[in-house]
Amino acid sequence: SLSSHLQSDDDDRIKVVSVAQQYAESPMLKGSLRFGSSKPKSIVALFPGVGGSANNVAGLGKGWLKQNPDTQVIIFEVDAFSGYRALSAVWNLLPTYYTSSTPLPSPAVDGYDYNNTPKVFDATKSRSNSFFGDILLTCCNDVSLALQEVLVETGLTDDNLILAGFSQGASIAAYTGFMRNAAGIILMGGPGAPQRQLLPPPTTTTTQVCIISGDSDPFAPHEALITTFRPYNGGEGGKQYVRIIPDLSHQIVNEHVELGGAFIST
């Protein structure tokens, strides 16, 4: 199995520390795992699926690290889209709907403000065309703030940042990655229902997208993933980082390690 195959990586003395102690002010980093170089050339932020823990995808992160030893992998434990965070987002968003006197543009129209540091969604300046979308982006703000701390601490920028996620974690990776105009995004088994209104126009971002999914995944139809995210790599004529694995359902296998690691190396 993937787990038994990769757990042996512990014998290679891969450094594993808790980021919670180093980033006590970032709630999203509570309980996170951190692997790899103390002076990395790149950061890979990995998000497990709903109900999953950081340890569930630790083997995947270690596999990527073996292929990219100059990388630092951070696996998030806290669910950005948890019920508590969603309710908190609703509470914070409601006032903006009463104070806004005119309709606001959506991110799909004017993109995100890449000059804003840290890069977050501001509901007083733009809309996602749906209240649900605004909630998702507001939740992603917590992730963006945590990533900003990591980048400052390591002396890196969004050009050195890759976000990866499985299942619901793929949604976090996609929307936060585009919000920050990160170097790349790895989508595995998600997003299940891509929210296109949350994505910037392909011409306004340099973020590259890697899709690794199964052709038998009932929760993330691969046709929708390809249709939604292919334009961000230059469309049909651009370089494609897409691997649809035959007969694979909603799970992580060794091909995710190999293909994701190769994408991180590019």
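With which residue does Lys-119 form a salt bridge? In this predicted model, in which local features need pLDDT of at least 70, side-chain atom pairs count only at pLDDT 80 or more, and totals for chains, interfaces and linings use all residues, the partner of Lys-119 is Asp-158, and the closest N and O atoms of the two are 2.5 Å apart. Residues are numbered from 1 along each chain as its sequence is written, and side-chain values use heavy atoms, with hydrogens and water left out.

The term salt bridge stands here for a side-chain nitrogen of Lys or Arg within 4 Å of a carboxyl oxygen of Asp or Glu. A network of salt bridges links Lys-119, Asp-158 and Arg-180.

The protein chain contains eight helices and eight strands, where helices (H or I, at least four residues) and strands (E, at least two) are DSSP runs numbered from the N terminus. Of its 266 residues, 53% count as buried. Among contacts with a separation of 6 or more, 71% are made by residues 24 or more positions apart, a contact being heavy atoms within 4.5 Å.

In total, the structure holds six salt bridges. One of them joins the side chains of Arg-85 and Asp-142, at 2.7 Å from N to O, and this pair links distant parts of the chain, with Arg-85 in helix α3 (residues 83-99) and Asp-142 in helix α5 (residues 131-154), 57 residues apart. Arg-85 is buried, with a relative accessible area of 14%, whereas Asp-142, at 28%, counts as partly exposed.

The two helices that carry this pair also pack against each other: α3 and α5 meet at an angle of about 115 degrees, with their axes 9 Å apart. Axes are lines fitted to C-alpha atoms, for helices over the stretch in contact, and angles run from 0 to 180 degrees between N-to-C directions. The contact includes Arg-85, Ala-89 and Leu-93 of α3, together with Phe-131, Ile-135 and Asp-142 of α5. By class, this contact has nine nonpolar, one polar and three charged residues, where Ala, Val, Leu, Ile, Met, Phe, Trp, Tyr, Cys and Pro count as nonpolar, Asp, Glu, Lys and Arg as charged, and the others, Gly among them, as polar.

A further salt bridge brings together the side chains of Glu-255 and Arg-243, at 3.0 Å from N to O, and it links helix α8 (residues 254-265), which holds Glu-255, to strand β8 (residues 241-245), which holds Arg-243, the two residues being twelve residues apart. Both count as partly exposed, Glu-255 at 25% relative accessibility and Arg-243 at 31%.

Helix α8 also takes part in a helix contact, as its axis and that of helix α2 (residues 58-67) come within 9 Å and cross at roughly 45 degrees. The residues making this contact include Leu-60, Gly-63 and Trp-64 of α2, and Val-257, Gly-260 and Ile-264 of α8. By class, the contact of α2 with α8 has five nonpolar, six polar and one charged residues.

Definitions and conventions. Buried means under 20% relative accessible area, exposed over 50%, partly exposed in between (1.4 Å probe, protein chains only).
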